[in-house]
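Here's a quick briefing to read with the structure open beside you. Take it one topic at a time, and find each residue as you go.

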Amino acid sequence: MTSNTISWDSIRNEVLADPEVKAEYEALEPEFQFARRVIALRKATGLNQRDFAELVGIQQPQLARIESGKQVPKFETLAKLASGAGYAVEIRFVPTKGKRRQKVQPLTIPAKELV
C-alpha cells in the first residue's frame with residue numbers, strides 16, 4: 001500500500017468505534033447472513049447470477065439486490081431460489097437467549113407447493 005491508501009479495515013474500525021453506528025451495523029447482521037446464504041445457494045449450482053436468475057424465473061438485477069443484502073425476498077421468491085438449487089425451504093423458530101420454550105418442529109415446505 002502507498003502512503004495515500006487507507007485500508008478498509010481501518011475505515012471500518014473507525015466508523016464502528018461509534019456505539020450507535022456499531023449497534024445499527026450489528027442489527028443488520030441477520031440480513032447479511034441471509035444474503036451470504038443465498039450466494040452460497042447459487043454457487044452450489046455452479047451458475048453465475050444471470051444464469052441462476054433465469055433458471056429460477058427472476059431478473060438478474062433482483063438477484064443482485066438479494067445477494068447484496070439490499071432486498072429481502074418474498075417467501076415465494078425464496079422458494080424459487082431454493083427450488084432452482086435443488087432445495088426446499090425450512091422455517092424454524094428458535095428460542096431467544098434465556099428463554100425456555102417448548103421445542104417447535106421445523107416446517108419444511110417443498111418449493112413446488114409455493115410456486
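What follows is a short tour of this model, from the overall layout down to single residues.

Keep in mind that you're looking at a predicted model. The protein chain has six helices and two strands, and along the sequence they run in the pattern α-α-α-α-α-α-β-β. Of its 115 residues, 21% count as buried.

**The overall layout**

- Take the contacts between residues at least 6 apart in sequence: 43% of them join residues at least 24 apart.

**The nonpolar core**

- In soluble globular proteins, nonpolar side chains tend to be buried together.
- Here, the largest nonpolar core is made of 10 residues: Val38, Leu41, Phe52, Ala53, Val56, Ile58, Leu63, Ile66, Leu81 and Ala85.
- Helix 4 gives the largest share of the core, with three residues.
- Ile58 is one of the core residues, and beyond its neighbours within four places in sequence, Ile58 is in contact with Ala53, Leu63, Thr77, Lys80 and Leu81.

**Valine 56, a core residue in helix 4**

- Val56 belongs to the core and sits in helix 4.
- Val56 counts as buried because its relative accessibility is 9%, and the cut-off for buried is under 20%.
- Setting aside residues up to four places away in sequence, Val56 touches Lys80, Leu81 and Gly84.
- Val56 and Thr77 are 21 residues apart along the chain, yet their C-alpha atoms are separated by 8.6 Å.

**Helix 6 and its partners**

- Helix 6 covers residues 75-84, and its buried residues include Thr77, Ala79, Leu81 and Ala82.
- The buried residues of helix 6 pack against helix 3, helix 4, helix 5 and strand 1 (89-91).
- The axes of helix 3 and helix 6 come within 9 Å and cross at roughly 35°.
- On the helix 3 side, the contact is made by Phe34, Val38, Leu41 and Thr45, while helix 6 brings Leu78, Leu81, Ala82 and Gly84.
- Sorted by class, the residues of this contact between helix 3 and helix 6 are six nonpolar, two polar and no charged.
- Just after helix 6 you'll find Gly86, which takes a positive phi of about 85°.

**The largest pocket**

- The largest pocket holds about 540 Å³ of space.
- Its lining has 14 residues, and Phe34, Arg37, Leu78, Val89 and Glu90 are the ones nearest the pocket's centre.
- Helix 3, helix 6 and strand 1 are the elements that give two or more residues to this lining.
- Helix 3 provides the largest share of the lining, five residues.
- What kinds of residue line the pocket? By class, the lining has 11 nonpolar and three charged residues, with no polar ones.

**Valine 89, one of the pocket residues**

- Val89 lies in strand 1, and it is among the lining residues nearest the centre of the largest pocket.
- Val89 counts as buried because its relative accessibility is 7%.
- Val89 and Phe75 are 14 residues apart in sequence, and from C-alpha to C-alpha they are 9.0 Å apart in space.

- Arg42 is in helix 3. Is it buried or exposed? Arg42 counts as buried, because its relative accessibility is 10%.
- Leaving out residues up to four places away in sequence, Arg42 touches Leu47, Asn48, Gln49, Phe52, Leu63 and Glu67. Phe52 and Leu63 are also on the list of core residues.
- Gln62 belongs to helix 5. With a relative accessible area of 18%, Gln62 is buried, since the cut-off is under 20%.
- Beyond its neighbours within four places in sequence, Gln62 is in contact with Gln71 and Thr77. Thr77 is one of the buried residues of helix 6.

Terms used: Residues are numbered from 1 along each chain as its sequence is written. This is a predicted model: local features need pLDDT of at least 70, side-chain atom pairs count only at pLDDT 80 or more; totals for chains, interfaces and linings use all residues. Side-chain values use heavy atoms; hydrogens and water are left out. A nonpolar core is a set of buried Ala, Val, Leu, Ile, Met, Phe, Trp, Tyr and Cys residues joined through side-chain atoms within 4.5 Å. Buried means under 20% relative accessible area, exposed over 50%, partly exposed in between (1.4 Å probe, protein chains only). Helices (H or I, at least four residues) and strands (E, at least two) are DSSP runs, numbered from the N terminus. Contact means heavy atoms within 4.5 Å. On a 1 Å grid over the protein atoms alone, a cavity is a set of points where a 1.4 Å probe fits but cannot get out, and a pocket is an open set with protein on both sides within 12 Å along at least five of seven lines; lining residues have an atom within 4 Å of a point. Grid points are joined across faces, edges and corners, and a volume is the space filled by probe spheres set on the points. Ala, Val, Leu, Ile, Met, Phe, Trp, Tyr, Cys and Pro count as nonpolar, Asp, Glu, Lys and Arg as charged, and the others, Gly among them, as polar. Axes are lines fitted to C-alpha atoms, for helices over the stretch in contact, and angles run from 0 to 180 degrees between N-to-C directions.
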